[in-house]
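Please look through the sequence and the model shown here.

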Amino acid sequence: MNSKPALLPVLLAILGAAAAAQRGSSPPPNIVLILVDDLGWTDLGSYGSRYYETPNIDRLASGGMRFTQAYAAAAVCSPTRAALMTGRYPARLGITDWIRARFQGGTMPEDGRNPAGLDRVDDRPLLVARNPLWMEHDEVTIAEALEPNGYVSTHIGKWHLGMDDWYPQHQGFAENFGGCDYGEPPSYFDPFANRQLSGIPHLPPRTPGQYLTDREADEAVAFIRRNRNRPFFLYLAHYAVHTPIQAKPEVAARYAAKTPTNQKNPDYAAMVESVDDAVGRVLGTLDQLGLSSRTLVIFTSDNGGLLGPTDNAPLRSGKGYPYEGGIRVPLIASWPGKIPPGTVSEEAVSSIDVLPTILDAVGRPFPGVGMVDGVSLLRHLFSGGRKRLRRETLYWHFPHYRGTDVAPYSIIRWRNWKLIKRYEGPRCELYQLGRDPSEQHNLADHRPGLVRRLERRLDRWLQRVGATIPVPASPVEESGER
């Protein structure tokens, strides 16, 4: 993995000075960031679902801005979570696949160093990137960036960015409820255990049989109440709707009685409803305490919906794949009195934009050219979408195999054009998303000049961020020599 600049001391010094200079100004806004695991682009009523019921999230959308072309920074979870926390592309961070928990073989290397470089996977023809086991401490999280401004931060739910020494409490969060190296919960019912795992670290059993999403909502509400008189950052990162697909039986029974659409899994629908209930409780608490008008709420997902439990149509494919169903996600931002209600944006935005947007909202832009890849969405939000972003290009990089049907790929989206570059098999696919959001018509053979231009631009970006590029295996490399 690439070496990291020592960003944190520089950042804290600059932001600390800025905070001291501006004491006495109006109270900074509270920040609520809600991240749902594996929630698909059409899994909400406000995004077109006619099967799932999400009245609270839909109310959040109607009270703010709903993005129709928002993207996760990766088609799988850990890279997006790292990008969300740091504002940096996964390829720059070196975290480009999901991080293996210890129970999945993610043990500490003998030398204590994060895995890096290339490795062979079974008999596959490419050497691919070794995925690290944690996000380095040098990376600056939202919580660390807010701390000099007097914010108290809590993490609730799924972290999935490293083992013990890299848990949220070591990345700027004062409190941690359930954040660990798990990518999924052992069970959704208290004591949150299965035959292999005895529970979730930092979320001790409390009420036998309580649903995990309800417990996360309990902790979120309690945190808001404890900190109503000081600026706070609530990172509510639900384990739902990730597998195992487990739901409250009585809620699932209601969906089993509904007329199915292309979305038809009653247990998954009940999990979506539980997330919606949690959002409703958070919004209700903000309203009750008179905090809504000074709270920015951002709601999104870490990747596209998992095929099987849900269906992302009209988008193609789902989680893990380079198509829109794998990377396009819901994104909603609400701040009463600041963001005009009921607005819809078609701007292409990404997880990397969350950190700069939050820091801009609190009046502390992230210092230093090159420290972040994202851009602030604040002016766009406040203008109801009238002030356009000046960025035309987004990138993705997945230098790994996934199952039997996903080989390493990179993606560039430039304006409405999307190029998928593959490192094994057919080289490129080209889609015009404005006319073909379902990616049914590969235009690579019809626009070879555009393919070459986009591929060159993509290659320059990969080089600029220090991305790990898959290479053909050779007899020497196969023997383990580097």
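Which residue stands opposite Leu-127 in β15? In this predicted model, the residue is Val-471. The two strands concerned, β4 and β15 (residues 471-472), are paired in the antiparallel sense over 2 bridges.

β4, which covers residues 126-129, has a further partner in β3, residues 118-120. These strands also run antiparallel, and 3 bridges join them. Across this pairing, Val-128 in β4 has Asp-119 opposite. β3 and β4 form a hairpin with 5 residues between the strands, and in this hairpin Asp-122 takes a positive phi near 50°.

Strands of a sheet pair through backbone hydrogen bonds, and the pairing is either parallel or antiparallel. Here the sheet has 4 strands in the order β11-β12-β13-β14, and the pairing is antiparallel. Its edges are β11 (393-398) and β14 (428-432), each of which pairs on one side only. From one strand to the next, the twist averages 10°.

Between β11 and β12 (residues 409-414) there are 6 bridges, in the antiparallel sense. Within this pair, Trp-396 has Ile-411 of β12 as its bridge partner. A helix, α12 (residues 448-464), packs on the sheet and touches β11, β12, β13 (417-422) and β14. The direction of α12 makes about 110° with that of β12.

The next topic is empty space inside the protein. Rolling a probe the size of a water molecule over the atoms shows where such space is left. A search of the whole structure gives 3 cavities of 30 Å³ or more, and the largest cavity holds about 120 Å³ of space. Its lining consists of 17 residues, and those nearest the centre are Ile-298, Leu-331, Ser-350, Val-354 and Leu-377. Two or more lining residues come from each of β2 (65-71), β8 (295-301), β9 (328-334), β10 (343-350) and α10 (354-361). By type, the lining of the largest cavity divides into 12 nonpolar, 4 polar and 1 charged.

Last comes the confidence of the prediction. The mean pLDDT of the protein is 93, and 92% of its residues reach 70 or more. Where does pLDDT stay under 50? One such stretch is residues 1-6, for which the model has 20 contacts beyond four places in sequence. Another is residues 12-24, with 15 contacts beyond four places in sequence.

Methods
Residues numbered from 1 in each chain as written. Predicted model: local features only at pLDDT ≥ 70, side-chain atom pairs only at ≥ 80, totals over all residues. Heavy atoms only, no water. Pairing = 2+ DSSP bridges. Axes fitted to C-alpha atoms, helices over the stretch in contact; angles between N-to-C directions. Contact = heavy atoms within 4.5 Å. 1 Å grid on protein atoms, 1.4 Å probe; cavity = no way out; pocket = protein on both sides within 12 Å on 5 of 7 lines; lining within 4 Å. Points joined across faces, edges and corners; volume = space filled by probe spheres on them. Nonpolar A, V, L, I, M, F, W, Y, C, P; charged D, E, K, R; others polar. pLDDT = per-residue confidence, 0-100.
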